[in-house]
Amino acid sequence: MKELIHDENLQMMVRQKIFNDQVVWRSWQWQETKSIILVLVKQTQFIGLLSDDETTRLVRNYVGETNQYGGLVIGYLASAETKYLFEHQWLPELVKLTRQATRVVIGTGSWSLDKVIGKRRFQVYLKACRQGHQSYKLTWLLDEGGRKVVPQVLEGGRWYTGPIDN
């Protein structure tokens with residue numbers, strides 16, 4: 001893990017964790033005394049901390065505007081190329097982040113048939129959270145109708161969340 005940006009005026013720390021040239025997670029911390037939220041998305045993130053994609057911007061803007069959290073971590077479920085890499089490196093890292101977070105929002109939407117690998121990774125992550133007694137923190141990102149969505153669908157609007165079915 002590298003500390004990539006630390007600005008004394010902004011009082012924000014930006015970090016990322018990289019395995020095999022792929023970003024596992026990225027974090028922004030602006031207030032140490034407040035809790036952290038973890039948002040999991042089903043996309044790939046590339047190295048280049050200052051080159052945000054639409055999902056990252058939407059999540060960061062929403063969490064910052066709520067003023068409930070002092071930090072945000074976005075975990076990228078779709079980046080690990082192999083099962084071994086996901087289960088032996090990424091999974092422990094995501095479970096560790098889950099333990100540190102006050103709340104986890106799963107912003108993956110519903111998994112389509114062409115995303116079988118991502119769905120399987122999520123199921124492995126969910127099982128690990130249950131075994132580690134962390135599943136109570138997990139919530140789905142929902143639209144007004146109660147459907148599971150990705151952050152882009154909400155277009156910067158209000159987030160609704162619902163519990164993961166245990």
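**Notebook: E93 and its surroundings**

I started with E93, whose side chain makes a polar contact with the side chain of W25 at 2.9 Å (N or O atoms within 3.5 Å, one able to donate a hydrogen and the other to accept it; residues adjacent in sequence count only if both atoms are side-chain atoms). A note on the source: this is a predicted model, where local features need pLDDT of at least 70, side-chain atom pairs count only at pLDDT 80 or more, and totals for chains, interfaces and linings use all residues. Residues are numbered from 1 along each chain as its sequence is written, and side-chain values use heavy atoms, with hydrogens and water left out.

Next I looked up where E93 sits: in helix α2 (helices are DSSP runs of H or I, at least four residues, and strands are runs of E, at least two, numbered from the N terminus). Is E93 buried or exposed? With 8% relative accessibility, E93 counts as buried (buried is under 20% relative accessible area, exposed over 50%, partly exposed in between, with a 1.4 Å probe and protein chains only).

Then I turned to salt bridges and found two in the structure (a side-chain nitrogen of Lys or Arg within 4 Å of a carboxyl oxygen of Asp or Glu). One joins the side chains of K17 and E93, at 3.9 Å from N to O. K17 is in strand β2 and E93 in helix α2, so this pair ties together parts 76 residues apart in sequence. K17 is buried too, at 17% relative accessible area.

I also checked D143, which forms a salt bridge with R147, their closest N and O atoms 3.0 Å apart. D143 counts as buried at 11% relative accessibility, while R147 counts as exposed at 55%.
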